[in-house]
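Here is a short walk through one protein model. Keep the sequence and the 3D view side by side as you read.

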Amino acid sequence: MNGKQHTRSIPIISDDNSIVSKANIFANHFSRFNVPTERTRETTEIESTVDNLHTIQNNITPIYMEELLKTLKTTKDKAPGEDNIPNSMIKRLPKLILEELLYLFNVSLFTAVVPSAWKIGKTVPVLKPGKEPSNVESYRPITMLSCIGKLMEKIITRRLEHYLEHSQTFKCSQTGFRRGRGTSDSLAIIRQTITQSLFTRKYCLVVFLDLEGAFDSIWHKGLIYKLSKLNCNETLVLWFKNYLEDRKIKVLIGTDSSDIKCLKRGLAQGAAASPLLFNVMLHDLPSSPDVKIVSYADDITLLTTSSNLQIASKNMQEYLNKLTTWLKKWKFLVNPTKCTFQIYTKKRFIPYTNLQVSQQTIKQVAVQKVLGILLDAPKLTFYAHIDKLKTESNRRVNIIRALSSTTWGASRTMLRRVYISFIRSKIEYGCIIYGELPHKQMNKLNVTQNNAMRAILGARKTTPIVSLEAEAHLMPLEMRFRYISMKWFCRLLCSPDGPDEIAYELGFHNQTATNNSADFFKSNFLALKQLVQIDNIRTAPSKFVSPIHPSTNLSNIISVDMALGEYLPHFNNLNITNHLFTNFIKSNYDNHLQIYTDGSKIENGSVAAAIYIPSMDLTTTWLLNPAHSILGAELFAIYKACELATYHRKLCGKQVVILSDCKSALYLLRNPINPSYKYLTFKIQSILTDNLSRINLQWLKSHAGIKGNEIADRAANIGHNNERSVLTSLCYEEMINLVNTKFHSYWNANWKLRVSLSGKGRFASTILDTLKYRQYLSLDSRRLECVTARLRMG
């Protein structure tokens with residue numbers, strides 16, 4: 001408060017109990033893997049191959065200013081490194097300095113030399129959740145590096161990620177640190193495998209591996225060797241080789257620091273490239289036809305099923321031996337004392353099973369925490385997880401009670417935000433794998449939300465639950481779980497297709513009805529679609545990484561500016577308007593064939609798209625799925641124009657300019673990093689990549705009297721009268737909008753039905769005719785908020 005920095009107390013025992021000596025203890029611990037590599041024939045060959053990587057062919061695209069600016073825009077204002085230059089300062093640099101920075105980046109890239117100042121990190125020990133603070137092993141090293149160095153690192157990492165994802169380097173079950181994937185995917189694979197074994201009355205043997213210091217023990221030369229064997233660009237490989245050499249850290253505790261330590265192994269936890277490089281190190285985990293491998297970062301789960309437990313144990317032990325040999329080769333350390341296994345089955349008798357890792361027996365457990373979820377053997381009921389969730393959530397509800405009462409404290413808006421972000425987010429994490437929880441278990445969580453709603457609204461204990469939910473605008477948890485599951489199912493439908501992808505493994509490649517309870521997620525998805533009356537949703541498979549290389553400068557072919565564009569509507573004479581536009585086209589797109597596109601959505605929900613080609617006197621319209629947004633219709637029209645420009649005999653091979661009045665669509669297409677509407681955006685970007693400099697996109701002002709644009713606009717409006725609609729796939733954002741609409745309609749109907757059947761909450765239902773969030777119900781006085789809320793709820 002007074003501007004003085006206070007040192008956080010860390011109860012580590014040191015010789016003189018000084019902060020510096022404690023920092024040195026941490027520095028020694030974090031650099032404990034700096035041990036000589038065990039010499040074997042394979043190790044010698046790998047290191048010799050890496051040492052001989054010297055030649056730079058300079059066959060790499062330089063970093064352009066637009067690539068630098070787009071990457072800089074995505075950086076967050078995090079703590080700076082040794083140079084004390086934050087990202088907020090770099091974002092405000094003048095163009096002249098940015099050009100100097102760009103020159104520095106390109107020199108570093110082409111010479112494959114990383115400045116030594118970028119390799120020094122300030123490391124802060126952060127206590128792991130639930131660990132003993134007096135134990136040095138309970139702390140995780142978070143490293144603060146130079147923001148300038150991390151900016152270039154991010155640019156290079158995106159290029160490497162683009163190559164690795166498009167070359168399908170990673171398996172679908174490797175979900176950590178990958179765009180469009182998360183812990184839910186890993187948990188879903190585990191849940192599906194266990195459910196199938198229980199349904200078929202087999203044994204499912206699950207082993208949970210623990211890698212000691214997974215990030216801190218990465219073998220640098222082994223990592224560079226793998227990058228080179230993946231046929232990555234040689235300049236990138238050499239750049240990362242230099243990036244990993246001579247790295248140094250010093251541990252900070254408050255304002256005091258330790259001695260500088262050199263790191264011969266490990267990846268900095270805080271560096272932009274570390275997650276991707278870690279995935280590269282684990283991408284070639286040995287496979288087995290009998291064992292399924294699910295990995296999220298360093299959490300590795302192995303599953304095998306069989307009707308005979310002895311056969312399952314034999315298959316698992318053979319794979320563990322194979323995996324142990326692989327881990328030893330690549331210098332990973334396994335901690336057998338923290339490795340565990342479980343057996344899932346419906347059979348009453350479970351024979352004794354012995355499994356070993358590194359010649360040490362691992363223990364069997366009844367409950368195991370995996371990615372934040374407690375899995376309980378042998379029947380996977382989630383009872384242990386729900387009980388723990390209830391205890392921790394109730395403890396958090398007490399925070400809301402401490403923040404306010406009925407006469408004082410934070411507003412209901414603030415309290416509602418605290419509940420949603422701090423309590424409900426914890427309750428709903430991982431809910432996709434529950435399925436339909438038993439009423440008794442579900443009620444434990446409902447009580448937590450009910451208590452939270454009473455604290456938020458200042459309601460009495462006798463207030464009906466249906467009135468609480470309507471007043472606070474909080475969906476019942478059971479319905480909320482279904483809603484989140486449906487959103488996750490939509491993401492699966494928009495994920496990459498193919499037999500090696502998660503959607504295929506979970507049965508989403510085929511949406512036909514099934515009575516097989518072993519298809520856990522597919523049956524849940526079909527049941528939810530029927531529950532909220534969502535018609536058949538077509539899959540919209542797309543990759544999570546753009547087909548356009550991050551270094552491609554799309555501003556050269558996609559223009560969102562037009563000279564005189566803002567002034568065109570002010571000319572009353574259409575002849576003058578079209579004359580000015582004709583001159584603009586002639587000076588910028590001479591000898592280009594023009595294609596005008598437009599999308600339209602009217603009040604009744606009808607969606608249409610159209611294109612107009614003046615040189616061919618061709619107008620085409622499409623009636624689309626009413627769930628499409630106006631932006632989706634605009635993108636669809638642009639996509640059809642790109643298709644025509646590519647395949648039509650009169651347009652193929654000729655210069656084409658596609659003119660659209662939707663600036664939002666063009667900005668999406670210019671984004672090669674992480675655009676929305678991926679299904680259509682990536683399709684268009686793929687066509688543009690194959691036809692660089694032949695197909696151009698140009699924005700024009702709408703309703704400015706430009707003849708071609710006016711014809712396309714009228715054609716799109718006429719398209720609503722088409723008798724048949726074209727079968728189109730919704731983009732993920734449109735699917736989510738449809739799910740939101742359907743679930744809120746379902747919630748509203750369910751709320752009225754509960755009021756009608758129970759007779760409770762009728763007074764509130766006469767005031768609140770429909771369920772929606774009402775901001776005006778929040779008042780300046782906490783007492784008035786509670787009084788008016790009680791009056792409305794009865």
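**A walk through the contacts**

Glu 469 is buried, at 5% relative accessible area. Buried means under 20% relative accessible area, exposed means over 50%, and partly exposed lies in between, with a 1.4 Å probe and protein chains only. This is a predicted model, where local features need pLDDT of at least 70, side-chain atom pairs count only at pLDDT 80 or more, and totals for chains, interfaces and linings use all residues. Residues are numbered from 1 along each chain as its sequence is written, and side-chain values use heavy atoms, with hydrogens and water left out.

Glu 469 has a charged partner. The side chains of Glu 469 and Arg 754 form a salt bridge of 3.0 Å, N to O. The term salt bridge stands for a side-chain nitrogen of Lys or Arg within 4 Å of a carboxyl oxygen of Asp or Glu. Side chains of opposite charge can pair when their charged atoms come close. Glu 469 lies in helix H15 (residues 465-472) and Arg 754 in helix H24 (residues 732-758), so the pair ties together parts that are 285 residues apart in sequence. Helices (H or I, at least four residues) and strands (E, at least two) are DSSP runs, numbered from the N terminus. Arg 754 is partly exposed, at 27% relative accessibility.

Helix H15 also holds Glu 471. Its salt bridge is with Arg 792, and the closest N and O atoms are 2.6 Å apart. Arg 792 sits in helix H26 (residues 782-793), so this pair ties together parts that are 321 residues apart in sequence. Glu 471 is buried at 4%. Arg 792 is buried at 15%. Elsewhere, salt bridges that share partners join Lys 388, Glu 392 and Lys 426 into one network.

How many salt bridges are there by this rule? The count comes to 25. One of them links Lys 221 and Asp 51, with the closest N and O atoms 3.0 Å apart. Lys 221 lies in helix H8 (residues 220-229) and Asp 51 in helix H2 (residues 41-51), so parts 170 residues apart in sequence are tied together. Lys 221 is partly exposed at 30%. Asp 51 is partly exposed at 34%.

Now turn to the rings. The whole structure has 22 aromatic pairs. Rings of Phe, Tyr and Trp (its six-membered ring) pair if their centres lie within 6.5 Å; planes under 30 degrees apart count as stacked, over 60 as edge-to-face and the rest as tilted. Phe 105 and Trp 118 make an edge-to-face pair, 6.0 Å centre to centre with 80 degrees between the planes. Phe 105 lies in helix H5 (residues 95-111) and Trp 118 in the loop between H5 and strand E1 (120-127), so the pair ties together parts 13 residues apart in sequence. Phe 105 is buried at 0%. Trp 118 is buried at 10%. One aromatic cluster is formed by Trp 488, Phe 489, Phe 520, Phe 521 and Phe 525.

Ile 433 lies in the loop between H13 and helix H14 (439-457). Ile 433 is buried, at 1%.
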